Amino acid sequence: MGDIRRLKDGDILKYSSGIFSSKWKRMYAVLFSDSRLVWFEQKGDRKPKGSVLLKDILVPRNHQNLTKTC
């Protein structure tokens, strides 16, 4: 198993939708060399709010057809 390194970090916007409101929230994110994206409420927090292993994400070829049109 190789050494897991921090590749990039910085602010991202995360969309949150609720019963009464929907909004974009600024979060702090870190991308690691094992393709893990981890996000935090703010920079310096020790406990992440969430994470995803990007190498496990599949994007369909015709992803344009999945967008909602009004």
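The exercises below work through a predicted model of one protein chain.

**Exercise 1. Describe the secondary structure and the sheet.**

Solution. 
- Step 1: The protein has 4 strands and 0 helices, and along the sequence the pattern reads β-β-β-β.
- Step 2: The 4 strands form an open sheet in the order β1-β2-β3-β4, with antiparallel pairing.
- Step 3: β1 (6-17) and β4 (50-53) are the edge strands, each pairing on one side only.
- Step 4: From one strand to the next, the twist averages 25°.
- Step 5: Antiparallel pairing joins β1 to β2 (residues 22-32) over 11 bridges. In this pairing, D11 has Y28 of β2 as its bridge partner.

**Exercise 2. Identify the residues of the largest nonpolar core and the elements that supply them.**

Solution. 
- Step 1: The largest nonpolar core has 5 residues: Y28, V30, F32, V38 and F40.
- Step 2: β2 and β3 (36-40) are the elements that give two or more residues to this core. The most come from β2, which gives 3 residues.
- Step 3: Leaving aside residues up to four places away in sequence, F40 touches M27, Y28, V30, D45, R46, K47, P48 and K49.
- Step 4: In soluble globular proteins, nonpolar side chains tend to be buried together. In this protein, buried residues make up 14% of the 70 residues.

**Exercise 3. Find the salt bridges of K25 and K49 and determine which residues they link in a network.**

Solution. 
- Step 1: A search of the whole structure gives 4 salt bridges.
- Step 2: K25 and E41 meet through their side chains in one of these, at 2.3 Å from N to O. Because K25 is in strand β2 and E41 in the loop between β3 and β4, the pair ties together parts 16 residues apart in sequence.
- Step 3: E41 also forms a salt bridge with K49, with the closest N and O atoms 3.8 Å apart.
- Step 4: K25, E41 and K49 are therefore linked in a network of salt bridges, since a side-chain nitrogen within 4 Å of a carboxyl oxygen counts.
- Step 5: K25 is partly exposed at 32% relative accessible area, and E41 is partly exposed at 30%. K49, at 54%, counts as exposed.

**Exercise 4. Give the distance of the salt bridge between D9 and R6, and classify the exposure of D9.**

Solution. 
- Step 1: The side chains of D9 and R6 meet at 3.9 Å, N to O.
- Step 2: D9 has a relative accessible area of 44% and is partly exposed.

Definitions and conventions: Residues are numbered from 1 along each chain as its sequence is written. This is a predicted model: local features need pLDDT of at least 70, side-chain atom pairs count only at pLDDT 80 or more; totals for chains, interfaces and linings use all residues. Side-chain values use heavy atoms; hydrogens and water are left out. Buried means under 20% relative accessible area, exposed over 50%, partly exposed in between (1.4 Å probe, protein chains only). Two strands pair if DSSP finds at least two bridges between them. Axes are lines fitted to C-alpha atoms, for helices over the stretch in contact, and angles run from 0 to 180 degrees between N-to-C directions. A nonpolar core is a set of buried Ala, Val, Leu, Ile, Met, Phe, Trp, Tyr and Cys residues joined through side-chain atoms within 4.5 Å. Contact means heavy atoms within 4.5 Å.
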